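Please keep the sequence and the structure in view while reading.

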Amino acid sequence: MSRTSYIFTSESVSEGHPDKVCDRISDSVLDLYLSKDSHARVACETLTTTNQIVLAGEVRCAEDVTPEEIEATARAAVRDIGYEQDGFHWEKSNFQNFLHEQSAHIAQGVDAADEKDEGAGDQGIMFGYATDETPELMPAPILYSHQILKRMAELRKSGARPEFEPDAKSQVTLKYENGVPVGVTSVVVSTQHTDGLSQADIRELVRPVVSDVLPDGWFPPEDEFYVNPTGTFVIGGPDGDAGLTGRKIIVDTYGGAAPHGGGAFSGKDPTKVDRSAAYACRWLAKNVVAAELAKRCTIQVSYAIGVSKPLSLYVDLHGTGQIDEARLEDALMQIADLSPRGIREALQLNKPIYARTAAYGHFGRTPDADGGFSWETTGLVDQLRTLA
């Protein structure tokens, strides 16, 4: 029997964290290709370190994408994040591009041909999750962790808090009773800052941000409110620590509150089921909870490379369901086409909508008018209630 009273922690990292800088560059390059060809194939990896930006990976596009356009896109992403530092500068950093044509052997498995539908871009397992503990149907610890850093970035970019620099991390620990979050036991925030400020100075700058994000009365005890616990944090970003695409997959999803299949999202076009099927699983799980068929829902799918249909669909309602899980699995297979093509078309994923996903989580976000975060919509609720 699962525990209902416990303490649980999730962390987030800001858009200026070295790994998130790489995610942003990779997704910006993906958007560049999709803006030229909605069926472009992209698998873009980025490495950053002190004044270095390096791209590698495989691409295919019906239109020409010049090296100059790729470099300008990468530099614009870094500029938007806010890096104009001696050790990492959007304009002055050295740039290297090793993107090349997609492997023909991978392409033959994915491409549709004759009677063969478009296949999955790789084998693997993907998960989606939803819980009713927040209005966004997300786990509260990761949601609050994201919101703290997102608010700090907004204050930095607006000029209201120029003391904040781009690199930052947060961590929120919640106490649960009877499966419901009832309070915060500790908060950790580490933020890069301008030179000349003390640890106490930064603590007082961060305090109102945390207070505004957390529910009333949930601010942690003073001795459990940790800000820059190592002291000075002036050297940060890729100058302080190398970054790579895809190293913050738990930050990207549910903060450890749900399983993760292992595949990263950023820099991958939607034929890669690591990304698109994880979005589809979140979409289905969120609609199950929004339809009040369960308080919590985990969904897993699996694929084989080159095969269009999923090999399996598994639903776990964690003992909170109003419907038999096997019956719900059948209903979901009727409602949703979980082939790579079916997912792309249902969620309209062949659009340049990915750079915005690179920081503060891919889930729990507000759907955009242009199709961004389409997997957060709840248009399946009535169908699910009827079929269930």
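## Paired strands

Strand E8 (residues 164-177) and strand E9 (residues 180-193) pair in the antiparallel sense over 11 bridges. Two strands are taken to pair if DSSP finds at least two bridges between them; helices (H or I, at least four residues) and strands (E, at least two) are DSSP runs, numbered from the N terminus. Within this pairing, Ala168 has Thr191 of E9 as its bridge partner. E8 and E9 form a hairpin with 2 residues between them, and Asn178 in the turn has a positive phi of about 55°.

E8 also pairs with strand E1 (residues 6-13), again in the antiparallel sense, over 8 bridges. Here Val13 has Lys169 of E8 as its bridge partner.

## Basis of the model

The model is predicted: local features need pLDDT of at least 70, side-chain atom pairs count only at pLDDT 80 or more, and totals for chains, interfaces and linings use all residues. Residues are numbered from 1 along each chain as its sequence is written, and side-chain values use heavy atoms, with hydrogens and water left out.

## Aromatic rings

The structure holds 11 aromatic pairs. Rings of Phe, Tyr and Trp (its six-membered ring) pair if their centres lie within 6.5 Å; planes under 30 degrees apart count as stacked, over 60 as edge-to-face and the rest as tilted. Tyr83 and Phe88 form an edge-to-face pair, 5.4 Å centre to centre with 80° between the planes. Tyr83 is buried at 0% relative accessibility, and Phe88 is buried with a relative accessible area of 0%. Buried means under 20% relative accessible area, exposed over 50%, and partly exposed in between (1.4 Å probe, protein chains only).

The planes of Phe265 and Phe363 stand at 70°, with the ring centres 6.1 Å apart, so this pair is edge-to-face. The pair links distant parts of the chain, 98 residues apart: Phe265 lies in the loop between helix H7 (249-252) and helix H8 (273-290), and Phe363 in the loop between helix H10 (340-347) and helix H11 (381-387). Phe265 is buried at 3% relative accessibility, and Phe363 is buried at 2%.

## Packed helices

Helix H4 (residues 140-158) and helix H5 (residues 199-213) pack at an angle of about 130°, with their axes 9 Å apart. Axes are lines fitted to C-alpha atoms, for helices over the stretch in contact, and angles run from 0 to 180 degrees between N-to-C directions.
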